[in-house]
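The entries follow the order in which I looked things up.

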Amino acid sequence: MKRIIRSTLAAVVALFVGSACTDLTLSPKSTINSETVFTEVAAYRSLIAKVYAGLAVTGQQGCCGDPDIAGIDEGFSQYWRLYWQMQTLPTDDAIIAWGDQALTELNTQLWSSSNPFLGAMYYRAFFQVAMANVLLRETTTSKLDQRGVPAGTRPEIAQYRAEARALRALSYWHALDLFGAVPLVTENTSVSEAPAQATKQQIYDFIVSELIAVRPDLPAIGAAEYGRFDQGTIAMILAKVYMNAGTYVGTPNYTAAMTEVQSIIASGAYSLDANYRRMFSADNQNSPELIFAIPQDGMRMRNYGGTTFLAHANVGGPLNAGDFGLNFAWWGLRMRPETRALFPSIGAGAVDARAVFWANMNQPNITNMQDFQQGTAAPKYTNRTTGGAAGSDQEFVDTDVPMFRLGDVYLMYAELNLRGGGGTAAQALTYVNALRQRAYGNATGNITAPQLTLAFVLDERARELYMEGHRRQDLIRFGLFTGATKIWTFKGDVAAGATTAAFRALYPLPASELIANRKLTQNTGY
Amino acid sequence: MKRYGVFALIAVLCASEPALAQSSSRIVGTVFAAEGGTPIVAAEVEVRGTGVRRVGQTRDDGRFSVPVDAGTYTVVVRRLGYAPDSAANVVVAEGATVTLSFRLRTTALQVLGVTVIGYGTQDVRNATGTVAAITPDKFNVGRVVSAEQLITAKVPGVQVIDNNEPGGGISIRIRGGTSVNASNEPLFVIDGVPLNVGGGLSSGRNPLNFLNPNDIKEVTVLRDASATAIYGSRGANGVVLITTKSGSSTEPAFTYSNSFSSSSIANRPDLLTADQFRAAVTANAPANVGTLGSANTNWLDLVTRTAGGAEHNFAASGAKEDMRYRLSLGLLNQDGILAGTNTQRVSGSASYRDVLLDDRLELSANFKGTRNSDLYSPGGTLGNAVSMDPTQAPLTAGSYFQYTNPLGPNNPLSDLALLSDEGSTFRSVGNIEAKWYFRQIEGLTGTLRSGYDYATSSRTSFSPSTAQGDIETGRTGRLDRNTPRQVNTLLEVFGNFNRQFASLESRLDLTSGYTFEEQNGDYASFFAEDLSTDLLGPNGIPLAGETRPSLSVEESRLISFFARANWTFRERYYATVSLRRDGSSRFGPDNQWGTFPSFAAGWRIRDENWFPSTRNISDLKLRYSWGVNGNQSFGNYLYVPTYTPGGAQATYQFGNQFVSTLRPSAVDPNIKWERTTANNVGLDFGFFNDRLTGALDIYNKETDDLIFSVPVPAGTTTGNFVTTNIGSMKNSGVELSLSWLVLEGRNGGWGYDAGFAISTNRNEITSISAAETDRILTGGIAGGVGSRIQVLQPGSALNSFFVYEHIKGANGQPVNGPTDLDRYVDQNADGIINQDDLRAYKDPAPRLIIGHTSTASYGNWEFSATARAYLGNHVYNNVASNLGHFSGLTQTNAPGNRHASVLETGFVNPQYFSDYYVEDASFLRLDNISAAYTFDRLMGARSVRVFGAMQNVFTFSGYSGVDPLAGVNGIDNNLFPLSRTVTAGLSLAF
């Protein structure tokens, strides 16, 4: 009996102590371990590609699956789609028909801090920040030495670091523009605690200093391979940031902006595209006018944002999706009557070629924002090339997102000149008329020096750059976004338009972020 | 060394036994009930001689065997609920076997038997936990495809929710949900083999379809923490133990049964008729009048049918000395009422049990193998049928009607003809068990059990280039094939010590053991698009324009040590203590191990000496239990930081190159299991000599460390959410079960008994994050992509609806004003209707659930009926909200049919967030009725039984949708018509 008990105890002890019986450590088999990933040098290139890809696609599987950010349908979560919506829908530029409450809020400027699109844009911007920080932390000299990265690849990695910092600065600019004072998280910030809120001035200073710091490590203006940043992109971001500095920190810096604008023009790297429509067509990677475009590809970069959204959503009603190289019409976006009114009416002789497609549906005025057949279809984005060939896929569009282009730079020159930033009035007139000549095909649309006023520039920006995601920023710079001075259809959720409160020039910080990060203070008014 | 330690233990125990020097004399026999002659299981057989006392127990078939030395003995047989019986002066000669036969008289009208609990069995009367066993005589009848349907409405606190499709998905909630992001389904254990959460793998229908309900002997539901704590990290949502039939000497040697059924539509979505639709288009979308046809088509009629089903079951069982076996074969072929759907099952099982080595080794084995073949309705057949224009003729001169606009629905008849979607699952579950009776220590046994669950399935959908969807999307044929495979292996070793200590007036039942479970899964899928030919159909892959193969391999491990002690003192005081220590590979090294204790006590007040010996109160037992359970049913590797490589369609363009990407994951390395702590107070009672018996239970459950995906401070990780343990919720409720023997049915007269299962449960989220005011939106709906209409927030019930308060007009209808401010109450009075005006309003959980079962007999006739009522459950009618607005007629030139509610509301634009669509879905349903007649000794058969049954006889409900039981989460997206099934069949026993 004793013997039994003893041996039983011995066996039980052996069972508990014997580690094999209690071994629970199982490593994932179908994903890459964080300890082994950098044994391949190509990982650094894949990492910088992911920082860029954060602008272009939504996850790791293409259109659908394994999204970068959670809490929202993946299709909605594409960077440019979110940014574009926030810069466009609350303005006189475009309106969207779909019944989602969150979109109605954007259409009318009456958003709440729990609006999922605002939150998603905020997280998108900070996803870029976090990705860039990962790259910067994983590519320090000591880490590269430790992993024995060969000297030959070091210059390339130095460029990745510069690109990551520039991409981070781009997203901080977007965050500053949309949300104002946000936390400033760099590769040196502790991630074990919630980061503190920075001031708008601190964010502004950070963006400017970072862009100036990385400029020498990037290829000359126009010299980068397609899809990557060069000094032209840096100059463009700096020009935008300086130009809107009045909005951000109270003091505009038109002179510095003009310096950047002039450097872009003087480089001679870009020229106006003779064909306005090419910049929104499936072969726009060949356009000489684009300074930076977010690449899109129907086979290899699938997502439901970017130009896939812009091309599909602009089609509906009497428009035939197939004409645009698309499988479906999404019946979403129309131009609001106020922007349409800036173009000469159809049949009045002079034709502005930028007025891409005047599908006169039931009525240009909008009384029901959810009725696609009200308003003006303005489908300038297409999934066909200028030669008429369809894109590689009918669902996912090949057309790249024109983020920065020379046409915008010309209008910036004119505006900066008018605002006292330097340059000459004659040069400004030349640039504006270059755009107008392209639009009219001849000099009939040209303007004279007295006609070139700030008000004209704002209208010309609406005509030249409609549906390109600039309008909210422009209206704020002109002081017309909120308030009673400028009213448009469904502003303030009234069909005829209504006044909105000034605080709505900034979006609220997302409600979920305020909970996760107790150090943040909500923007005034929300 | 891995599992060899376990074998070593057994080897050590066995080897240390003295040589087989004992006498081969023995006392064997049987114990049967005096009335009815059924075997009495687990009766105690005490053999007493001079200075000797040996105790044996009867097995499943009422047989016992007690080895003794030569001598003279007194044999006493005892069983709760029966009067003891004894045989004195039993003389056993050296080497002889004496056979005795006992017939025990019941002392109560209803006798509760023995039921399985985790790692053992227990007398129902002695149970300290809340355990309910359902046996075949109480099972639901009719066409039952899945085991869960057998116990619908039978056990209080157990909700069984199916999706109306034969063999379709079924959800079970035991005492409400305890989780948000992990599963809320109970753990299923079949003959000791735990299945994966949710039941395991299938090609799309209910995973438990692999189990033939005809092979089931008993379904036992463990509800309170004391009963489930022995399953530790998987017990939080209750445990369902399924015991399958094994051979028994009293069972007929051959049985054959069949049944044939016919299902027809009982209720369906309320859509506009052709005339109503024509009028609606004319009034609201004059521009689209030209698109209307002149026919009068009911599209739902065209895609549904009266569906037949047939089932055949054969079983052969027998006994040879101590050996028992049972072999069975089942065939099921059931059509769905939706055209093109079908489920078939071929199932086989083999069960073996023997007692060997001088009664010291009990060996048993169970094997089941099943092939399920399923046909699914391809594409969106139902959705398309619901939204097709009813004025169009489906087929004109051999060509299908299709909308010219690709946004319109596709003709479901065309899809049915061209597309295919089929699946098959092969699954086998088995176990081998060896139980060793140690002679040196009376009452000590050791059990070694090994089991497996192997499942492989395939699901293939195919769409040829000629299908409308392909034409519209520009694809020329698509093939999608998923072929997952899972293998689970189980090794358990446990010892049991069960002995009466007369001097201490006690009985001790101790169990302790070790289990090792490993799960391996590989999940392969293949997608091909732009096929060069349609001719291979779903059976081959021609040259394809685009292919996407994928493979993911996962494994997980669960290792446990457990112990349980049951102590019975003076046959009226009971105590149970159990402890389980679980280790799971799903968590990081610091959180792998968790401890799950439980405690329970019982007091049979009725048996106190001071209790009046009235037969009117025949039983009274008070129970209390406390225990901690866990939930670990979510993904593997959540704690491991990894880099995910991007796919070929998620690259980034550098010049002319498309570079693959890498993304680091955002994880919480400290993630651990959800923990539920539960208290239960119960009262078991019997009145009028146990003519009326029942149990009343009151419980509360508090779940902490709920796993939530929570927002993290932006910029700190690559991702805005991290899955971590943060929330908590509680459930509390009252359950009452009653069994009332109204008429005993003596001498072929009327017999009638009635059962009730009544329960309430209240759920409340107590926190979901660090912030009191935080809320998480859930409940995605159809329409308005990304719209969610339910909320998790502290103070509200799980998945409360989160909607606007619709202003009601004088007629009680929702106001249909021009702006949101006209329609909805501005809760925060800021003059704006936006997300801040949504509020939590009602929730999907029923306040009260009542299940009722009636069984009656007269002579050879038997009748039964099962009914169910839910009170206070609310459903969001998503079919109405998605289709109940006129803008669907104007938004495109492909106007689709509308839900009839639009005629009342007149909504132009969808009002997804209106509380108008949150409806009270209380209902009363007669789930099934049946009648059966048994012939004695007809044409040489031992018995011939014929039966007829009707399922889903009627439903009374104020709910406007198809089925008030639409989905466990209360969002009614269900287009599937409700069916009524009539079944008839016979069974023969030889």
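**Helix packing in chain A**

I noted that α8(A) and α9(A) are roughly antiparallel to each other, because their crossing angle of roughly 155° lies over the limit of 145 degrees. The model I consulted is predicted. The axes of α8(A) and α9(A), the latter spanning residues 231-243, come within 10 Å. I recorded the crossing of α8(A) and α9(A) as left-handed. On the α8(A) side I listed Ile207(A), Val208(A) and Leu211(A); α9(A) contributes Ile234(A), Ile237(A), Leu238(A) and Val241(A). By class, this contact of α8(A) with α9(A) has seven nonpolar residues, with no polar and no charged ones.

I then turned to α7(A), residues 154-179, and its packing with α8(A), residues 200-214. Their axes are 9 Å apart and the angle is about 150°. α7(A) and α8(A) are therefore roughly antiparallel to each other. The crossing of α7(A) and α8(A) is left-handed. In α7(A), the residues that meet α8(A) include Ala162(A), Arg165(A), Tyr172(A) and Trp173(A). Among their counterparts in α8(A) I found Lys200(A), Phe206(A), Glu210(A) and Val214(A). Ile207(A) and Leu211(A) of α8(A) are also among the residues that meet α7(A), and both take part in the contact with α9(A).

**A sheet in chain B**

Which strand order does the open sheet of chain B have? I read β3-β2-β5-β6, four strands with antiparallel pairing. At the edges I found β3 (52-57) and β6 (85-92), each pairing on one side only. Neighbouring strands of this sheet are turned by 20° against each other on average, direction ignored. Within the sheet, I followed β2 (residues 44-49) to β5 (residues 71-78) of chain B and found five bridges joining them. As one bridge pair I noted Val45(B) with Val77(B) in β5(B).

**Where the chains meet**

I finally looked up the contact of chain A with chain B, which takes 95 residues from chain A and 86 residues from chain B. Strand β28 (residues 544-569) of chain B gives the most to the chain B side, with eight residues. That side divides into 37 nonpolar, 40 polar and nine charged residues.

Strand pairing also links the chains: β1 (residues 32-33) of chain A runs antiparallel to β32 (residues 642-645) of chain B, with two bridges joining them. I recorded Tyr643(B) in β32(B) as the bridge partner of Ile32(A).

Terms used
Residues are numbered from 1 along each chain as its sequence is written. Chains are lettered from A and ligands numbered from 1 in the order in which they are written. This is a predicted model: local features need pLDDT of at least 70, side-chain atom pairs count only at pLDDT 80 or more; totals for chains, interfaces and linings use all residues. Two strands pair if DSSP finds at least two bridges between them. Axes are lines fitted to C-alpha atoms, for helices over the stretch in contact, and angles run from 0 to 180 degrees between N-to-C directions. Angles under 35 degrees count as roughly parallel, over 145 as roughly antiparallel, 65 to 115 as roughly perpendicular and the rest as oblique. A crossing is left-handed if the near helix is turned anticlockwise from the far one by less than a right angle, and right-handed if clockwise. Two residues are in contact if their C-beta atoms, placed from the backbone, lie within 7 Å. Ala, Val, Leu, Ile, Met, Phe, Trp, Tyr, Cys and Pro count as nonpolar, Asp, Glu, Lys and Arg as charged, and the others, Gly among them, as polar.
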